[in-house]
Structure formats: structure tokens, C-alpha cells
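Keep the viewer open as you read.

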Amino acid sequence: MTGLPEPAAEVSLGLFDHDQLAACISCGFCLPVCPTYALTRDERSSPRGRITLMRAVESGRLPVDDPTVREQSSYCLGCRACEPVCPAGVEYGALLEQWRDVTWSGARTPPVAAGLRLGVRMTPALAAAGKVRGAARTTGRASGKGVQLMLGCVERSLFPGVSRAVTRLLPGIEIPSGQGCCGALHAHSGGSGEGHRLAKSMGEALPGTILTTAGGCAAHLVNVLGRERVRELSEYLVDVWASDDAAPELAPVMVGGRRARVALQDSCHLRNGLGVTAQPRDLIVRAADYVELPSAGTCCGGAGTYALLRPRDAAAVVAPKLDEIAELDLDYLVVVNPVCQRQLVTTLRRRKSRTKVLHLAELLALALPP
Amino acid sequence: MTTSPAPAAGLAPAILAELRAIVGDTRVLTSDGDVEPFSRDATPLFRARPDAVVLPSTTAQVSAVLALATRTGTPVVPRGGGSNLAAATVPERGGIVLVLTRMTAVKEVSADELLAVVEPGVTTAELACAAAAIGLLYPPDPGSKTVSTVGGNVATCAGGLRGLKYGVTRNYVLGLEVVLPTGEVIRTGGRLWKDVAGYDLTRLLTGSEGTLGVITEVTVGLLPMPETSNTGVAYFDSLADAGRAVTAIIAGGTLPATLEFLDRACIGAVEDFAHLGLDRDAGALLLFGDDGALRTVAESLDRMAEACTAHGARGIELARDVAGSEHLLAARRCSLPALSRLAPMTLLEDVTVPRPRIAEMVDSIEEIARRHDVVCATFGHAGDGNLHPTIVFDAGDLEARARAEAAFDDIFGRALDLDGTITGEHGVGAAKLRWLGRRLGEDQLALMRRIKTAFDPAGILNPGKLGS
């Protein structure tokens, strides 16, 4: 005997993936990269502490409705910064989806999230809004299995310039009609079953390789449909432009007679879920003077529905980033996900910052010959 | 039995009211959900519910909490980053878990005096960064440095990857501000390397595992940052061969900064996470590194590479640059968590033997693992004779767990037979308490109890562990 405690008989309610929950050995390597732990220095608000809470729920020691359980499942940004640094390979993002399936189910769903989950399912309305706002026009029903652009649910009407820019970068790209929402929003806010079904439907509406301008959607679609079915814009452009003479001639984007100073804000799920970090930087360098934002890899606080549900916390998360942006005196901040775009446009405007936020596609389109 | 969790009797309302008056309402946690994350540290299997979690931010608050605890006989367990591997911060007797992670000020970093003064909740990596920013080195380098706090490092005398050349935490602690369990605030040592006024309480408190006092400020010595550093990897057929190379390296007059080894199972687990291109077919890997002036480092690495070759290394690679060297060391630091990829339950130990006996110890561990039919992966600080045999199994497999316990029993016994110790750097905590008598003898245990009583007459600080 080494003096281990008596084995305790534990129940398993089956709310979580048992192997994932068991994989965490509580080493704490995730603490220093967690934005909410950085703000609080409080174990409850760390990935390790949250997994301890999940385990207590799974074993019935804590009720699902425990206030701390509910609060911490909501306070988490879901940025998955804890995943790449986890030596044990815990898939925290998957655990968080399972957690919110419990804490945000049915009447427990925050009303804003419930409304959005419902709203983005109205495919004809999305199409109409996209048309009114001037997003790229669809090209009819999917013709086959080539590369097909996904317009996105929110992005289509919130940032219609993004898809228009893609059609300039990739003339002739197919944009199938009848596409709805990919379900990432649902998976991250308590409806993972719905999220999976929507991703499957998207896979049917776009039966080829799905090209997306949203890092968060890319990671979700990869989860459901597999890596080979999904390409995020930056990785796709780097690949196709690498071959023979496919790359267009780019002229540097100028501001006040000099090359623009441009930084990138990573998409958390693109970076932490899919490991895509080099490609967007590679592309910016071709069009401007690239400056690395020190916190580029840290969440901006947009985080799906987070900035809508918890505006004060989202503001606390983004504040140090806004200071960095001011310090670097950037012309443009480039994003690769619509939620980041919304969060940064809004918060920079509030600060009266001179830095403009652009999607990567929009910056590259500025560099195209007229 | 020290490990059965106390029933959650709860603290009297008057005590809770007083705690809230001291630190504020939001800094006293009592609900089941709020205290759950503080019921364990990084030690598997150990868990106990505290009655309350208190998060102070000043020394005065810590002092008031401890005075209250002594007056009311309430157990108090201090906690830093929660990366302890011996269940030293698990509140087995309930009471208060006193969390110091909110005391995070780096009060001073002085190039003139080569020292830093920090609050206990500063992480080891943050201290090292603050020192590096003005060209100084904080040498202690525990594997969990991004998580662990300086207060916790001092309380456990944390070791790490640079022990051979630079020593461990105790070699750098110049002075402490400590709150005694009875509430008095004392300052031991100070800013001087030379200071023999009185008993060396700084050293006594360093490694006292939160049983004698609560550390609220630490003054550490620093060194000038070496000009450069580099690391190489040598592959061997077995861990014992690597151990013999280590003995040869040091016998040859080189005292390098780093000599770490990993066996085949660890190489595989680390490679799965870090993708460094390590040779998975090798029986063992020796990481050898040094720092100093450019030429000195190059010569030192050459000499170590030669010694490895002479002792059967089947391949040697040097890191291309400092970044490559950092990648190798980072990979080594994650060995333990990476091992959980083999099976979800990882029980690791921390036996340490005199360096020349390391090959013998490694052979014994392999023999013991075979005899008890357990999967045991071993890594460790070869240069310090400090080994981390890690047994992995499925948490639900109670037979495997019993075999693991029996194997560790034999491993501890063998380490003591070789003039070694039961723990080199992780501490005794709750997990190794029953072995302490065999290591120290009854007279020393009795003296430790008397020391404990002198500091902590009411027996409130981390009760049931060291000195109880």
C-alpha cells in the first residue's frame, strides 16, 4: 500500500464522453492560456476547474442546476485555447458542447441563444436578407463535387462584402442555393444534436468541398463531416495560388502613400481546433506590412453568442487587445471569422479607434488589380 | 488512515461571518459547486471537500484568517497553483482552503542586488520572465512552472530540470514573509546571501508543505542570464545505459545544466503530443544541455556527446538553436500528462538515489514492474538521480490498482536500500506519509512533531500531514 484512498464507488450519469472526461489528469497546463483564468486567477474559471465540475455533475455529486456549474459553463468562452497545450490531448471543446447540452437545454437556454438558434434556421429568410444586403449571388443548385462557397448565416447579411470579395478573388466560384446555417452556433450553445443535423444538411446542399470564410464554421463542419470535406478560405487560397500561375498579381494596399500596417486576429477555432495559423499570415504579407498582434491567438470575446449574452465579460476579455491595437497604430486589423469581425468592429468603434476591421478576403480584394 | 475525507460538518455561521468580514463576501466560497474545484490538486484519487474556500489578497487578511482559525480550531490548507503531486493541498480534515493565487504582485526585480521580491501567487514562469526582462535568471525550473506559484514552490522546495548545476528552490530563497498559524507576521532571512543571525527558519519553512506557516512574500536570489544555452538528444538501447552515460559525463568533470532521461514509453507519449521527430524505436533518450558562454556551451555539449557515444549511444542530435532547445525541454516537461495518453490513470512516484546507483535503480524498477505485472513508464532528472516511475492503468481496474500499489511499495523499499529517498521534489503530502517513518526514523519524526507544535500549537495548518 502506498496509502492511496479507499476506492470510491462512483456512478456515471452518461452526460459526458467518459474517455474524454477521464483523460484529464488535472496537471493545470491549461491554466496560463485560459482567458477567464487570466482575468480571475480563480480555479473555478479555469479549464481544469471546469472539468472538475463536469466530473462532479457526471458522478451525481453536483446537480446540473448547481449555480456554479451553470455559471461556469456560461462564463467559459469556448475558445479551446486549452486544447493545443494539453499534453493529455483532452478535447475540451467537445466536453463543453456536452456540458452546455445539459446546462442550456430546454427552458435553461439563455433567451438570446434560443432566439438565434431558431432564427438562423430560417433558410429562405437568410437568403432574402443576404440579397437585400448585397452578399454574393448564389449560382443555382449544386452542380457536383467541386469547391463550393458557403455564405454563412450571420455573415451573409452582417458582412455581405466578404462573399463579394471572395467572388473577386476566385472568379467563377460556385455558390449553391438553398444553403442554410452550418449549426456551429447550435453546437456551441446547448444544441449539439441540432448542430450536427444542420452540418449534415449543409453537407448535402454543398456536396463538394465546402469553402468557408468563417473559422468557427470550418471547425464545426470538420467535426461532423470530416477534414477532407472542408476548406477554410486562407488554407484554400494558399494552396490554389501556390500552383503554377493561379495566383493573381497583388499590389500592396496603400494608406497615406505607404504600405498599410496590418495585423491579424486569429479565429480561435481555426487556430485551436484546426491548427491553421500560418496561412492567413502568409496571405497578408503579400498585400501589406504584417505586424503580429501579441494577443493574436487569444480570444477577442466575440466567441459565438458570448458578446451578446455577457457583454461585460466580453468587454473585459477584449480590453487588453484593444490597448495593443492602439499601441501598434494599425491601419487594418484582419479577421477570419464573422463573430470576431462583429466584436472588433463594435469595440473599436466604441473606442473611436482609427483602425479598420476587414475580413481577410476583403483585404486581399483591395490588393487585386482594378 | 489519513485519507478518508472528513464529513462536511460545515463551519459555524459565526466563523463564516468573520471570514467574510475579513476578506469580503465574494472571497469566501461555501457552496458545493464553488468549493468542488478546490477539493483536489494534480494528484489522482485524492479528493476531499473543504468547508470553505477563502481567497485573500493581503498579508493582513491572511493573518486575520489564521488567528481566527487558531482561535476556533479550524483546519487551514494553503494552496497555490494546485499542481501538487502528493495531495499536499487536499483538505482531508475539511476546514478552509486558503487560496493565494490572487496575491500576484512582482514587487521588485533588482539588477544591482540580483534579487526579486514577489507575492506568493506569482507563477514560477512569471517570475522567470520578470527576471529575464532585465537580463537575469531565476534558475529553479520545475516542470509545472507555467502553473505552479512561487509560494507553492517554496512550500514544497520544488526541483526541476536545472537541479544538477543550479540546485533547487531552497538554494535561491533569501527571505520570507510568513504568517504563523497564530496570526503573527514574521520575516525570516532578508536580502542577504550571508546572514547567520539565528536558526535558519527560511530553510525550515522551505519544503514545510504548508504545515508551519503561510508564505505571503518571497525574496529570491537571481543570477546573470547566461549568454546562451543548447540542448542535445542521445538515444540508447535502455534507460540503464543512459544512466551509465550520465555517471560518466559527471565523472568526466562536466557539470551541465540539464541531464534528463525518458524511456521508450515516455518517448512515444511525448512524441504523440509534441511531434518533434523523436526516435520512437530507441529504448531510452537522454536530454543533455548546458548554458554559459558560447564556446563553453559548445565544448560542454561536445564532451557530453562523446561520453554518450562511448557508452553505447546509438544516435545523437543537437538542437539547431535556442528555440529548438526550448522545444526539447518543453517536451520533457510535459512527460507526465502526455503519459495519460497510454491509460487514464497515471500514478507517478519520485524516488531519488545517489547518481552512481541510477542504473541499478532503473533495472530494479523494470524488474519490479515485470514481477507485479504493471505498465510502468519512467522518466526523470537523471543528473539528480531523481526518477519518476509512472504506472498507468484503467481507473476502474481495482486489481491493476492493487498491483500498482504493491509495485510502488517495492520501488520505495529498493530506493531506501540504495541510500535513496522516497521523494526528491514532489513532497510527502498525504500520499507518501506512511513511508516517512522508514525514511527518517522515529526520533526525527518526534522532533518534527515538536517543531510543528512550536509553530502551530492548535494544529490547524494542513493537519494530518507533515509533523502531525
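This is a predicted model: local features need pLDDT of at least 70, side-chain atom pairs count only at pLDDT 80 or more; totals for chains, interfaces and linings use all residues.

Residues are numbered from 1 along each chain as its sequence is written, while chains are lettered from A and ligands numbered from 1 in the order in which they are written.

Helices (H or I, at least four residues) and strands (E, at least two) are DSSP runs, numbered from the N terminus. H11(A) has 14 residues and reaches 20 Å from its first C-alpha to its last, close to the 20 Å expected at 1.5 Å a residue (that is, 1.5 Å times one less than the number of residues).

Which residues of H11(A) are buried? They are Ser192(A), Gly195(A), Leu198(A), Ala199(A) and Met202(A). Seen down the axis of H11(A), these buried residues fall within an arc of 115°, so they line one face of the helix; the arc is that of the directions from the helix axis to the C-beta atoms. Turned away from the buried side is a face of H11(A) with the exposed residues Gly193(A) and Glu204(A). Here, buried means 20 or more other C-beta atoms within 10 Å of a residue's own, exposed means 12 or fewer, and partly exposed lies in between, with C-beta atoms placed from the backbone.

## H11(A) against H12(A)

H11 (residues 192–205) and H12 (residues 215–225) of chain A pack at an angle of about 85°, with their axes 9 Å apart. Axes are lines fitted to C-alpha atoms, for helices over the stretch in contact, and angles run from 0 to 180 degrees between N-to-C directions. H11(A) and H12(A) are therefore roughly perpendicular (65 to 115 degrees).

On the H11(A) side, the contact includes Gly195(A), His196(A) and Ala199(A); on the H12(A) side, His220(A) and Leu221(A) are among the residues involved. Contact means C-beta atoms, placed from the backbone, within 7 Å.

## Where the chains meet

In total, 30 residues of chain A are in contact with 43 residues of chain B. H3(A) gives the most to the side of chain A that touches chain B, with 4 residues.

Definitions and conventions: Two residues are in contact if their C-beta atoms, placed from the backbone, lie within 7 Å. Angles under 35 degrees count as roughly parallel, over 145 as roughly antiparallel, 65 to 115 as roughly perpendicular and the rest as oblique.
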